[in-house]
Amino acid sequence: MELSKTSLGISFGDDRVDLVCLRHAWGKTIMVDSTSIPFTYGMEAELFTKGVAAFIGANRLGAVEPNVAIRRKDVVLLTTDLPVPVEDNLREVLGYELDKYTPFSRDTAIFGFSNLGRTKDGSRVRVLLAAIDKERFNYYLDILSGAGLSPQSVEISSAALARTLPHGKGSGVDAVFYSGADTCELLLARAGKVEYSKALARADLSAEAVLKEYQKALASAVEHGGGEMERVVVCGDEGFSRDLLTYLSEGIGKEAVEVVEIKGLDTAGGGDASSRRVALGCAIRGISGEIPTTDFLSPKVREAPGAPRAAAVAVVLLALTALMWTGELAVRISKEKSALQRIDMEIAGLKGTVAEAEDIRGETMLVEGSLQQMEGFVAGKGAFLQVLGELTDVIPDDSYLTMLKYHDDEIEMLGRSTSAVTLLSLLDASPMFEDVRFSATMTRKNARTAARAGNKAATKDRATEEFRIKATVVRKQ
């Protein structure tokens, strides 16, 4: 860490943007200043630009590259396991197969990931994958650019929040409940790194719902080889009631501790740190130089001092060697080219076999799905009416369905929405549905195209997203 350093953290929320300025000098980190600017996604940039300019000017931050966090609900976040041989090429593999894990393709989304290590048996690699619609991500970059800011990193709010929490004494996992103005979140963190996250709608928050999600998170930690649950930590912009803390402690079997202060940080004169934890976590990353979890920006490559000279010397030596051994190299290159051509032919043959197998598998799954749908329809007419009623209450006015299937306690719906990710969160928060997930890649359709097709519902906004969502129906006992 440098002897003297200034950092700017910016966090986008539901109704505001938080800014935090930290300075590190003489071995001490001080929260110099903080502020909040009213904000709504999609708003014009003038108010944001004016507020940011005032904060930057007051704290002399003109040359500082901020570290930024975007809203958890804008992001599809999940944990998956991959074969060990792909560990050295995770970015390429995840990009190529992004549509298998998320509703996006590599052309329509920006993604980041974090390697969580090997599973308990060592046969798989655990990866935390985060993806966001490219248009939505570019909006954040554009509004920052309009204020003259070029971010150093862009991560999810969950990762920035985890960075502000004190680490436990052991090597176990911390369960963290974060209470925000509109949304809440349950996440699992180990040594300040996020390993699991679930967004919860604050309007539907109850002790029973929180305890249920905790049990799911614990099952996920055990499944992926996680250690013993060490602590239960509660924090956020909005306080939890004392009754909720007591209920959680009794249900979990561990004391739920509310965390307000930030250890090792002097907040004198800097405002309320506990209400701006996410922005503070971004600023802490700027001071510590820590590599952010699931950074959506490509890593910046910085050349080490003296590297240009060393590279020049290496080039000269390589050239001399090449002149001395030209004949031998020519023969070796010819042999390598022949070997590569043979390998390419073998790969081409394997690709055809794999494609045929995938086609047969797809046809089999389609037939099985049709049979299950017919059986489910006969057995569950009453439950289907309950599902229709719940969907009518949950789905907002800016979303609509064009197809709904119900079979074997599972629904699949096709439709359009101004934000399919937000719709997924609303359905996930309903007590009637669980295991809510996208079953196909989202596509975007502009308002003009929709108007030509005579679709009035899709013309309310400048763009809509076509989604396909599946969910399991929870039957009441």
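Predicted model: local features only at pLDDT ≥ 70, side-chain atom pairs only at ≥ 80, totals over all residues.

Student: Which residues of helix 4 are buried?

Tutor: They are Arg136, Phe137, Tyr139, Tyr140, Ile143 and Leu144. Seen down the axis, the buried residues of helix 4 fall within an arc of 150°, so they line one face of the helix. The general idea is this: an α-helix has 3.6 residues a turn, so residues three or four places apart point the same way.

Student: What do the buried residues of helix 4 pack against?

Tutor: Their partners include helix 1 (46–59), strand 1 (4–12), strand 4 (67–70) and strand 8 (153–156). Strand 6 (109–118) and strand 7 (124–133) are also among them.

Student: What is found at the start of helix 4, and what follows the helix?

Tutor: At the start, a side-chain oxygen of Asp133 comes to within 3.1 Å of the backbone nitrogen of Glu135. After the helix comes Gly148, with a positive phi near 80°.

Student: How many residues are in the largest nonpolar core?

Tutor: That core has 51 residues, and Ile10, Phe12, Ile70 and Phe296 have the most contacts inside it. Helix 4 supplies the largest share of this core, five residues. Another core, of 34 residues, lies apart from it and includes Phe104, Ala109, Leu129 and Met432.

Student: Which residues is Ile10 in contact with, leaving aside its neighbours within four places in sequence?

Tutor: Among them are Val17, Leu19, Val68, Leu144, Ala279 and Cys282.

Student: Is Arg276 buried or exposed?

Tutor: The cut-off for buried is under 20% relative accessible area. Arg276 has 15% relative accessibility, so it counts as buried. Arg276 sits in the loop between strand 13 (256–258) and helix 8 (277–288), and its side chain makes a polar contact of 2.8 Å with the side chain of Ser34.

Student: Where does Arg60 lie, and what is its phi?

Tutor: Arg60 is in the loop between helix 1 and strand 4. Its phi is near 55°, a positive value in a residue other than glycine. Arg60 is exposed, with a relative accessible area of 77%.

Student: What is phi of Asp435?

Tutor: Phi of Asp435 is positive, near 55°, and this residue too is not glycine. Asp435 lies in strand 16, residues 433–438, and at 47% relative accessibility it counts as partly exposed.

Technical notes: Residues numbered from 1 in each chain as written. Heavy atoms only, no water. Buried < 20%, exposed > 50% of the residue type's maximum accessible area, 1.4 Å probe, protein only. Helix = DSSP H or I, 4+ residues; strand = E, 2+ residues; numbered from the N terminus. Arc of directions from axis to C-beta. Contact = heavy atoms within 4.5 Å. Polar contact = N/O pair within 3.5 Å; in protein donor to acceptor, adjacent residues only side chain to side chain. Core = buried A, V, L, I, M, F, W, Y, C linked by side-chain atoms within 4.5 Å.
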